Amino acid sequence: MNFSTSAVAKTTLLAATLLAASTAFAAPPPPPSWTDVGPASTFMIDGNVITYSPSPALEVKYYDGNIADQSAANIMAVINTQFGLTGLNALTTVVSQCDAPTSLCTNGSGALASTPYSNSFTSNGSYDYLAVHFGQGELLFHWSAPLAANTTFSIGGLPRGLSNYRAYESPTAPVPEPGTYAMLLGGLGLLGMISRRRSTAKK
C-alpha cells in the first residue's frame with residue numbers, strides 16, 4: 001500500500017516536472033505579421049475604430065510591431081515587399097515625409113503641424129503609397145490613383161501616439177521625346193517604301 005502511494009506520488013512529481021520543463025522550453029510566440037485591414041473606410045486595431053481620409057484606399061495593411069529602421073529608404077523597401085512591387089513597378093524615391101520625434105512634426109510642405117504627433121499630413125507632391133508609424137504599429141495605405149499634391153491625409157482612433165509619415169508615388173512610364181516620335185514615323189515610312197518597291201518589282 002505504501003509502495004503504491006509512493007509510486008503514484010513519484011509519477012505525479014515526474015509529470016509535474018516534465019510539464020514545467022516543456023513550458024520553460026516552449027517555442028517563443030511567432031513574430032507579428034502583416035494583415036490586410038482595408039480597403040474599408042474604417043477598421044479595427046486593438047479594439048479601436050480607425051478612420052482615415054481620403055478613403056477608401058485600394059489596400060490597407062497593418063503590422064502589429066515595431067520596424068526598427070524608420071528611414072524612408074527602409075520603409076520604401078518594406079512597401080515594395082508587402083505589395084509585391086518589382087522591376088518598373090517598384091518604388092524608388094520618397095515624395096515627402098513627416099517626423100514627430102518629441103514636440104513638433106514637420107509635414108511634407110515644410111509647415112509645422114498644429115499639434116505634436118499630428119493626425120494629419122499634407123504632402124508637397126502626389127503619392128499613392130503612404131506609411132504611417134505609431135507606437136508599436138505600422139499602417140500602409142495604397143490608393144488606386146495618386147492623391148494630388150497638397151491633399152491632406154488624416155487619421156483618427158489610433159491606440160498609440162503617431163510618430164511619422166512616409167509618402168511615395170508609383171513610377172510612371174516615361175513620355176517619349178518628340179525625336180522618338182520622329183524616328184518612329186521615319187521608320188514606318190521607310191518600311192512602307194520598301195514594301196511598295198517589292199510589290200512593284202514583282203509586277
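**View 1. Glu59 and its partner across the strands.** Glu59 stands opposite His142 in strand 8. Strands are DSSP runs of E with at least two residues, and helices are runs of H or I with at least four, numbered from the N terminus. Strand 4 (residues 59–63) and strand 8 (residues 137–147) pair in the antiparallel sense over 5 bridges. Pairing requires at least two DSSP bridges between two strands. This is a predicted model: local features need pLDDT of at least 70, side-chain atom pairs count only at pLDDT 80 or more, and totals for chains, interfaces and linings use all residues. Residues are numbered from 1 along each chain as its sequence is written, and side-chain values use heavy atoms, without hydrogens and water.

View 2. Six strands form an open sheet in the order 1-4-8-7-10-5, with antiparallel pairing. Strand 1 and strand 5 (94–99) are the edge strands, each pairing on one side only. From one strand to the next, the twist averages 15°. Angles run from 0 to 180 degrees between N-to-C directions; axes are lines fitted to C-alpha atoms, for helices over the stretch in contact.

**View 3. Helix 2 on the strands.** Helix 2 (residues 72–82) lies across strands 1, 4, 5, 7 (127–134), 8 and 10 (162–168). The helix runs at about 65° to strand 10.

**View 4. Ala40 in its loop.** Ala40 sits in the loop between strand 1 (34–36) and strand 2 (42–45). Ala40 counts as partly exposed because its relative accessibility is 37% (buried is under 20%, exposed over 50%, partly exposed in between; 1.4 Å probe, protein chains only). Leaving aside neighbours within four places in sequence, Ala40 is in contact (heavy atoms within 4.5 Å) with Tyr52 and Pro56. The C-alpha atoms of Ala40 and Glu59 are separated by 8.6 Å.
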